[in-house]
Amino acid sequence: MDRRSFLALAGGVGAAAVSAAGFQRWLEITPTVHYPGRTEGHFLRERGKLPAPGEVIDTDFMILGSGIAGLTAAWKLEREGQRNVLMIDGPQPFGNAAGGHFGELAYPTGGHYLPLPSPESVHVREILFDLGIIERDPYGEKPYYDERYVLHGPEERLLFNGQWQEGFIPTDGVSAQELAEHKRFFAEVERLRKLRGADGKRAFVFPTVTSSLDPVFDALDRITLKDWLDQQGYRSPTLHWYLNYCCRDDYGTRYDKVSAWAGLHYYCSRWGQAANAGNGAWLTWPGGMQVVADKLAVASGVRRRAGTAVSLKRTESGVEALCFTLEGGVARSYLVRSRKAVCAMPLYVAARVVEDMAAYGFDAKRHTPSYAPWMVANFLMKDFPRELPHAPLAWDNVVYQEPGLGYVVSTHQDIRVAPPAKTVFSAYVALSDRTPDAARKWMMTASGDELVALASADLKSAYGWKFAACVERVDITLRGHAMAVPLPGFRSNAGLKALREADGPIVFAHADLSGFSVFEEAAWWGVQAALKVLR
């Protein structure tokens, strides 16, 4: 890849200005860019001709996909005494839970935190207890967590009007009228959090299939979150910005696109507590969710194999999957046969892989969710840029602008006497300023200059040209179909409901079955799939 003049991108200033600031030379950086699954996806989409299978593998159960749903299915099968299980990793091991390393420094390339699970999320608590993340009282009101993984302070800050403030919703310099609207919104969240429908169920819980089906709440899925805010008389620009930020952060798209039910669920469903942390605390790791994925893989004892499934079909004796690997652009294939299969692939992939998906009640044209593209850029820092006075660096640092989502500090959880010599700033960007198709096309054609410029926009706002002087390397991950988006009507998607209920030689497990991508949902469908194949 061509070398890039990173300073010009990150500083956004001319050579004369840089010289005046005391920085005399360009800092040359070669960004490394990853497109997980792109080559395999295009090969699958174009149905590239595969050679005959060079190997046939027999197993009791196969799991296609190594994301959280697939790993959870493997973990549950092991807990039920099943050992003859084979997992086909897919194009990227661990999917959206994957991470990377700059030497000893780990960083996320996908999800990077997990909220404390609420009491309804028994399956999550069971997993965390088994993995040692919950140490005591896993099903009590306030479990005790391994303190290494409970987010340390300072937790979050926002760059607003040129100054850092604590928290993500703007408050400093905001009018009393706007602050009153903030208070009214969060009071409404507390009310909705406790609300139950006519069926006796809570309105918003994890897993979402256990939420109330009261028509009063279903009506929220017919409008967007912005529509709901407007209907409720919320006019505060800072409140609207904050809620839009949260939708972009959790769902990859704007609040004027997201279902109001999903937007409110974001706030009303997460109320887990801990004996050794405050309400609403988060769990996090330097390498993000890859740490949990690694632990699940080890705990499950599942045999894993590199490869991507190109077809999955039923046979007289069970199921078989044709899989392939690409080595230097050369395809090699193998066949896996088993009694039953867990299809733990995103639905836009499964629709092309599973033979006759329509027979399961899923019409790919009508039922496939929309997917949001995503960018994660990891900057290896050889030094920490100087902060504004009285503004200590936090774990999550957000800038009051779009489309960036701020940056996370990978070494934040480290307990040290002095700051480390190096760290990693992980910058997240939801390409929600354009349509998903336009964003994917841009990803395909964008130069290294353009990618780094967008990835560093928030960091440039925070530090100016001084940021570039601290950068040693840049690693960028582009996910064209990062997550399913819960658009209005997603709760009534008949195709998703049909796949959730499918029970036979092939069962399905993925967060897509819920219509949006979060750990709690992926883990739930992994557990359910394992229970089905055991029947």
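**Helices, strands and loops**

Q: Which residue with a positive phi follows helix 9?
A: The model is predicted. In it, helix 9 covers residues 237–251. The residue that follows helix 9 has a phi near 80 degrees, and that residue is Gly252.

Q: How many of the 15 residues of helix 9 are buried?
A: A residue counts as buried when its relative accessible area is under 20%. Thr238, found in helix 9, has 4% and therefore counts as buried. Helix 9 is mostly covered, and its number of buried residues is 14.

Q: Which side chain makes a polar contact of 2.4 Å with that of Thr238?
A: Leaving aside neighbours within four places in sequence, Thr238 is in contact with Phe160, Pro170, Val174, Glu178, His182 and Tyr400. The side chain of His182 makes a polar contact with that of Thr238 at 2.9 Å. The polar contact of 2.4 Å is with the side chain of Glu178.

Q: Is Glu520 buried or exposed?
A: Glu520 lies in helix 18, which runs over residues 519–534. Beyond its neighbours within four places in sequence, Glu520 is in contact with residues including Leu114, His123, Phe206 and Arg270. Its relative accessible area is 3%, which is under the 20% limit, so Glu520 is buried.

Q: How many disulfides does the count give?
A: A disulfide needs two cysteine sulfur atoms within 2.5 Å. For Cys268 the nearest cysteine sulfur, that of Cys247, is 12 Å away, and Cys268 is in no disulfide. For Cys323 the nearest cysteine sulfur is that of Cys343, 11 Å away, and Cys323 is in no disulfide. The count of disulfides comes to zero.

Q: Which residue of strand 17 is the bridge partner of Asp58?
A: Strand 4 covers residues 56–64 and strand 17 covers residues 330–343. The two pair in the parallel sense over eight bridges. In strand 17, the bridge partner of Asp58 is Arg337.

Q: Which residue of strand 5 is the bridge partner of Met62?
A: Strand 4 also runs parallel to strand 5 (residues 85–88), with four bridges joining them. In strand 5, the bridge partner of Met62 is Leu86.

Q: In which sense, parallel or antiparallel, do strand 18 and strand 22 pair?
A: Strand 22 (residues 471–485) is mostly covered, with 11 of its 15 residues buried. Strand 3 and strand 22 pair in the parallel sense over three bridges, and His34 has Thr477 as its bridge partner there. With strand 18, strand 22 has 11 bridges, and the bridge partner of Met381 in strand 22 is Val471. The sense of the pairing of strand 18 and strand 22 is antiparallel.

Q: What is omega for the peptide bond from Phe206 to Pro207?
A: Most peptide bonds are trans. Pro207 is found in the loop between helix 6 and helix 7. The bond from Phe206 to Pro207 is cis, with omega near -5 degrees.

Q: Which residue does a cis peptide bond join to Pro403?
A: Pro403 has its place in the loop between strand 19 and strand 20. Omega of its cis bond is about 0 degrees, and the residue joined to Pro403 is Glu402.

Q: Is Asn161 buried or exposed?
A: Asn161 has a positive phi of about 55 degrees although it is not a glycine. Its place is in the loop between strand 11 and strand 12. Its relative accessible area is 65%, which is over the 50% limit, so Asn161 is exposed.

Key: Residues numbered from 1 in each chain as written. Predicted model: local features only at pLDDT ≥ 70, side-chain atom pairs only at ≥ 80, totals over all residues. Heavy atoms only, no water. Buried < 20%, exposed > 50% of the residue type's maximum accessible area, 1.4 Å probe, protein only. Contact = heavy atoms within 4.5 Å. Expected span 1.5 Å × (residues − 1). Polar contact = N/O pair within 3.5 Å; in protein donor to acceptor, adjacent residues only side chain to side chain. Pairing = 2+ DSSP bridges.
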